[in-house]
Amino acid sequence: MVRHSSRIELSQSSLSKNINFIRKKVGQGVRISSVVKANAYGHGIDQFVKMAEKAGVDHFATASAFEAEEVLQVKSPDSDVMIMGILYDEDIEWAIEHGIEFYVFNYDRLPLVLEKAKRLEKQAKVHIEVETGANRTGLPAKEFSKTLSFLKKNSGSVKFIGLCTHFGGAESFANLFKIESQHNRYKEFLKQCKQKKVQPEIRHIACSAAALAYKDTVYDMVRIGVAQYGFWPSPDIYYTHLQETGSRSDGALKRIFTWKTDVMDIRNVDAGEFIGYGTAYQATQDMRVAVMPLGYSNGYPRAQSNRGFVLIKGKKAPIVGLINMNLFMVDISHIDEVEVGDEVVLVGRQKNNTINISSFTQVTQLLNNEMLSRLPAAIPRKIVK
Ligand SMILES: *Cc1c(COP(=O)(O)O)cnc(C)c1O
């Protein structure tokens, strides 16, 4: 197989530290569901699932059936998979057959699930997602009573695994009133379960932000995405943690992801010449420039054009000119003895310098999650210590 133009390294020790930190925060008795939608937030589902299992995780959440299918291929038999979003009618049987848990947010889906479970003579494992105020998916309160009756009557075929909801914006304090209102509505649903004596096995509502900052939202399971990858969901959540611990900074969450490439070519550019397409960059003095073998089609944001930098020999090399589809150039005039093939760090640490995802997102206005989840699946991912 030929070599790809960049590579991603994933640190097992950093992930294990992140999971341990989260486990300590939420309490040992609480199950962690590792959210691996969007190719594990760009980290690579195949590698990441194995790494998470090594760190003690045994539950994985995806947005879709096709992502769950990928998890299924790599997970250990002891781990569970849960689909939080799209599952088409024709794939319900597949989910039941493979013991995959899935969200139900419409009453009308239940009879269909029942029929398929009966035909397969296998229990369907459902989580009822209820509407509490995010108004994306969620079963409305007025359908809940008949839902509970249905689950009670058909418990042999349709197993009521979870009762859940999702907060619309737990990472921002400005949304606190909304989060509280959502939580209160969720408690109303729980009350009905109790009254009707139809109880879910587990209750789960917290994402990373809620799990880290709002202890009362931590029930039997938490669904952790961004934090396990080593990112604080927002400054609000980070500073809440600092306040709790009384410290000035905290490296508890570690980025597990490093993105590297290597120098493709080196050239001298005379003062007055333009670099790359158009007139975006004109050399004001004689320069030495290194060519990078990747561009926006490889996940490197075009908005970094003429901004941002990479690391070569531990030094910052500023981007000069536009990010092309498959190439971009950096200024190495101030870095001695760079050669073709030298390692380049796009995200991560090299000697005493670090490029964080946040240095991209500040420039490009992309979300951390957006930048990561757009990294092409074709980039090879390698697990390192
Ligand atoms: C993405 C997602 C999560 C994880 O969110 P993070 O903020 O990344 O922890 C949890 N629950 C649902 C329903 C989601 O879609």
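Biologist: Which residues are around the ligand?

Modeller: Keep in mind that this is a predicted model. Counting residues with a heavy atom within 4 Å of the ligand, the shell splits by class into 6 nonpolar, 3 polar and 3 charged residues. The names are Val35, Lys37, Tyr41, Met84, Arg136, His166, Cys207, Ser208, Arg223, Ile224, Gly225 and Val226.

Biologist: Which elements give two or more residues to that shell?

Modeller: First, the setting: the ligand takes up the space of the largest pocket. Two or more shell residues come from each of these elements: α2 (37-41) and β9 (221-224).

Biologist: What distance separates a polar backbone atom of Val226 from an oxygen atom of the ligand?

Modeller: Let's go through the polar contacts, with N or O pairs within 3.5 Å. Arg136 puts a polar side-chain atom 3.4 Å from a ligand oxygen, and an N or O atom in the His166 side chain is 3.3 Å from a ligand nitrogen. For the backbone of Val226 and a ligand oxygen, the distance is 2.8 Å.

Biologist: How much of the ligand's accessible area does the protein cover?

Modeller: Take the ligand on its own, and its accessible area is 390 Å².

Biologist: Moving to the strands, which residue in β14 is the bridge partner of Phe309?

Modeller: β13 (residues 309-312) and β14 (residues 315-320) pair antiparallel over 4 bridges. Their hairpin has 2 residues between the strands, and Lys313 takes a positive phi near 50° there. Phe309 has as its bridge partner in β14 Pro318.

Biologist: And which residue in β15 is the bridge partner of Val320?

Modeller: β14 also runs antiparallel to β15 (residues 328-331), joined by 2 bridges. Across from Val320, the bridge partner in β15 is Met329.

Note on methods. Residues are numbered from 1 along each chain as its sequence is written. This is a predicted model: local features need pLDDT of at least 70, side-chain atom pairs count only at pLDDT 80 or more; totals for chains, interfaces and linings use all residues. Side-chain values use heavy atoms; hydrogens and water are left out. A polar contact is a pair of N or O atoms within 3.5 Å; within protein, one must be able to donate a hydrogen and the other to accept it, and residues adjacent in sequence count only if both atoms are side-chain atoms. Accessible areas come from the Shrake-Rupley method with a 1.4 Å probe; for residues, only the protein chains shown count as cover. On a 1 Å grid over the protein atoms alone, a cavity is a set of points where a 1.4 Å probe fits but cannot get out, and a pocket is an open set with protein on both sides within 12 Å along at least five of seven lines; lining residues have an atom within 4 Å of a point. A molecule sits in a cavity or pocket if more than half of its atoms lie within 2 Å of its grid points. Ala, Val, Leu, Ile, Met, Phe, Trp, Tyr, Cys and Pro count as nonpolar, Asp, Glu, Lys and Arg as charged, and the others, Gly among them, as polar. Two strands pair if DSSP finds at least two bridges between them.
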